[in-house]
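Please look over the sequence and the structure shown here before reading the briefing that follows.

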Amino acid sequence: MVDRSKVRVVVAKPGLDGHDRGAKVVARALKEAGYEVIYTGIRQTPEQIVETVIQEDAAVLGISILSGAHMVLIPKILRLLEGKGLKPGEDVAVFAGGIIPPDDAEELKKMGVFEVFGPGTPLKTIIEAVDKAVENLKRFGA
């Protein structure tokens with residue numbers, strides 16, 4: 001089990017989506033579970049999000065998106081991470097949440113997102129999934 005207090009999690013809202021209640025709830029739950037959480041706020045560009053991950057040396061990136069632009073913005077974030085030498089699933093664990101259809105969720109998982117959480121997902125389920133993803137990162141001995 002990884003010491004959660006040594007793991008930084010960035011929670012981000014890309015694009016023009018201004019609905020951030022879910023992101024704030026997940027950020028707070030992860031913080032209360034012991035993770036160090038950095039919430040970027042709304043309307044972040046993919047470039048800003050990736051820069052925050054790098055500056056904060058984050059092991060986890062949570063992307064919250066409700067705008068319908070998930071198949072444009074999330075792949076761009078994944079490409080930018082890889083362009084900076086951070087391989088999703090090995091160097092940084094990436095999860096997504098929001099209104100994402102099941103077929104799109106499967107495509108995102110094939111691209112490197114470890115899980116896609118929809119509305120109503122129990123917070124315990126999200127925390128347990130983050131725990132497992134962190135244990136599989138290279139920096140924590142996987």
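Which residues of H3 are buried? The buried residues of H3 are His70, Leu73, Ile74, Pro75, Ile77, Leu78 and Leu81, where buried means under 20% relative accessible area with a 1.4 Å probe and protein chains only. This is a predicted model, in which local features need pLDDT of at least 70 and side-chain atom pairs count only at pLDDT 80 or more, while totals for chains, interfaces and linings use all residues. Residues are numbered from 1 along each chain as its sequence is written, and side-chain values use heavy atoms, with hydrogens and water left out.

**Helix H3**
- Helices here are DSSP runs of H or I with at least four residues, and strands are runs of E with at least two, numbered from the N terminus.
- The buried residues of H3 pack against helix H2 (46–55), E3, E4, helix H4 (102–111) and E5, with contact meaning heavy atoms within 4.5 Å.
- After H3 comes Gly85, which has a positive phi near 85 degrees.

**Helix H5**
- In H5, the buried residues are Ile126, Ile127, Ala129, Val130, Asp131, Ala133 and Val134.
- These buried residues of H5 pack against H1, E3, E4 and strand E5 (113–117).

**Largest pocket**
- The largest pocket holds about 310 Å³ of space, a pocket being an open set of points on a 1 Å grid over the protein atoms alone where a 1.4 Å probe fits, with protein on both sides within 12 Å along at least five of seven lines.
- Its lining, made of residues with an atom within 4 Å of a point, has 22 residues, of which Gly22, Ala23, Val26, Gly97 and Gly98 lie nearest the centre of the pocket.
- Two or more lining residues come from each of helix H1 (21–32), strand E3 (60–65), strand E4 (93–98) and helix H5 (123–135).

Notes: Grid points are joined across faces, edges and corners, and a volume is the space filled by probe spheres set on the points. Buried means under 20% relative accessible area, exposed over 50%, partly exposed in between (1.4 Å probe, protein chains only).
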